[in-house]
Amino acid sequence: MTLNLKNRAARADDLISEEAYARVAQLLHELTGIHLPQGKRAMVSSRLSRPLRNAGVADIDAYCRVLAQPGATRQQDEFISALTTNTTRFNREAHHFDHLCQDVLPALAAKAQEGRRVRLWSAGCSSGEEAYGLAFHVLDHCPGAPTRDLRILATDIDNRILARARQARYPASALAALPGDQASRYFDPAPAGSTHCQVSAAARQLIAFRHLNLKQDWPFAGRFDVIFCRNVAIYFDETTQVHLWRRLCDRVLPGGVLYIGHSESIPPDITAGFAVAGNGIFQRHGRDTGAAQPAKSGETA
Ligand SMILES: C[S@@+](CC[C@H](N)C(=O)[O-])C[C@H]1O[C@@H](n2cnc3c(N)ncnc32)[C@H](O)[C@@H]1O
């Protein structure tokens, strides 16, 4: 059995030469910051087979030439979508949501009730479970949030996964991970014959899903009370990671909190102005004393 599996992997490896793999890795890195490690040739070969077919080419060399053409945005989108890892689930790393509920949301709910601006960001939101999870907790603490200046920005580089996030439909089985009775309060019951449930309008209305490449310029100027950027930087090379951490830390308001994934870490000099409030939890020193911040032009949330 082991031998068979090895043979199968070897055959898949044969589909993409080392040189072609290096070209794919370089292109992916240029476009996204993602570092493709050695030993993923079989995976890359299988994930690119459909994009190759759709581009009407027979080999990776020709495919890379298509991707390099000016205006090949659709093909680049498909390439990125094929090679990003979108694994996520509701209430992933639950201790982050526990911290948010106990130590952060009561004050943010009060801030929103005072008519002040509150912003949360799920950066690298994948199919939306993280952003909707944030919305459910926000509504628990501040049921009137949709009528306040409180919004959640949810961004990802992968347009295909963003389309799924916007649909806001999840298999009923995935809802079991939600705490308490959130599943029954924030989902419409599955229609007869369907196994999928729809997120309630109140939660959907809080979130703006936007395409954003974290490696490029960000088309908004504001800072955030809460940033979740979990299990995204782990796929980047070190330089891209450090650059991202610096930019994210700059975007946290005084008193605001940055949450990162359990296998990610930030060099301590970058978080010098932050207190470590838990595993992967960084709270910026100070208090946000600002009045309502007017939205800047081009701002997405
Ligand atoms: C593993 S998922 C993490 C989802 C969620 N944050 C969580 O922890 O469950 C990583 C997401 O990061 C996105 N991503 C990868 N590179 C990106 C980039 N350069 N800019 C924005 N998003 C990126 C991927 O498309 C993917 O959906």
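This is a predicted model: local features need pLDDT of at least 70, side-chain atom pairs count only at pLDDT 80 or more; totals for chains, interfaces and linings use all residues.

Reader: How are H3 and H5 oriented to each other?
Author: Helix H3 covers residues 41-55, and helix H5 covers residues 73-83. Their axes come within 9 Å and cross at roughly 160 degrees. An angle over 145 degrees counts as roughly antiparallel. H3 and H5 are therefore roughly antiparallel.

Reader: How many nonpolar residues are in the contact of H3 with H5?
Author: H3 brings Val44, Arg47, Leu48, Arg50, Pro51 and Asn54 to the contact, and H5 brings Glu78, Phe79, Ala82 and Leu83. Of the residues in this contact of H3 with H5, three are charged, one is polar and the nonpolar ones number six.

Reader: Is the crossing of H3 and H5 left-handed or right-handed?
Author: Handedness is a separate matter from the angle. Where H3 passes H5, the crossing is right-handed.

Reader: How are H2 and H3 oriented to each other?
Author: Helix H2 covers residues 18-32. The axes of H2 and H3 are 11 Å apart, at an angle of about 70 degrees. Angles of 65 to 115 degrees count as roughly perpendicular. So H2 and H3 are roughly perpendicular.

Reader: Which residues of H3 make the contact with H2?
Author: On the H2 side, the contact is made by Glu18, Tyr21 and Val24. The residues of the contact of H2 with H3 divide into two charged, no polar and four nonpolar. The H3 side consists of Arg41, Val44 and Leu48.

Reader: Which cysteine has the closest sulfur to that of Cys142?
Author: Cys142 is buried, because its relative accessibility is 1%. Its closest cysteine sulfur is 13 Å away, too far for a bond. That sulfur belongs to Cys101.

Reader: How many disulfides does the count come to?
Author: The rule asks for sulfurs within 2.5 Å. By this rule, the number of disulfides is zero.

Reader: Is Asp140 buried or partly exposed?
Author: Asp140 is found in helix H7, residues 129-141. Buried would need under 20% relative accessibility. Asp140 has 33%, so Asp140 counts as partly exposed.

Reader: Which residues does Asp140 touch, not counting residues up to four places away in sequence?
Author: Gln283 is 143 residues from Asp140 along the chain, and their C-alpha atoms are separated by 22 Å. The residues that Asp140 touches, leaving out those up to four places away in sequence, are Gln182, Arg185 and Tyr186.

Notes: Residues are numbered from 1 along each chain as its sequence is written. Side-chain values use heavy atoms; hydrogens and water are left out. Axes are lines fitted to C-alpha atoms, for helices over the stretch in contact, and angles run from 0 to 180 degrees between N-to-C directions. Helices (H or I, at least four residues) and strands (E, at least two) are DSSP runs, numbered from the N terminus. Angles under 35 degrees count as roughly parallel, over 145 as roughly antiparallel, 65 to 115 as roughly perpendicular and the rest as oblique. A crossing is left-handed if the near helix is turned anticlockwise from the far one by less than a right angle, and right-handed if clockwise. Contact means heavy atoms within 4.5 Å. Ala, Val, Leu, Ile, Met, Phe, Trp, Tyr, Cys and Pro count as nonpolar, Asp, Glu, Lys and Arg as charged, and the others, Gly among them, as polar. Buried means under 20% relative accessible area, exposed over 50%, partly exposed in between (1.4 Å probe, protein chains only).
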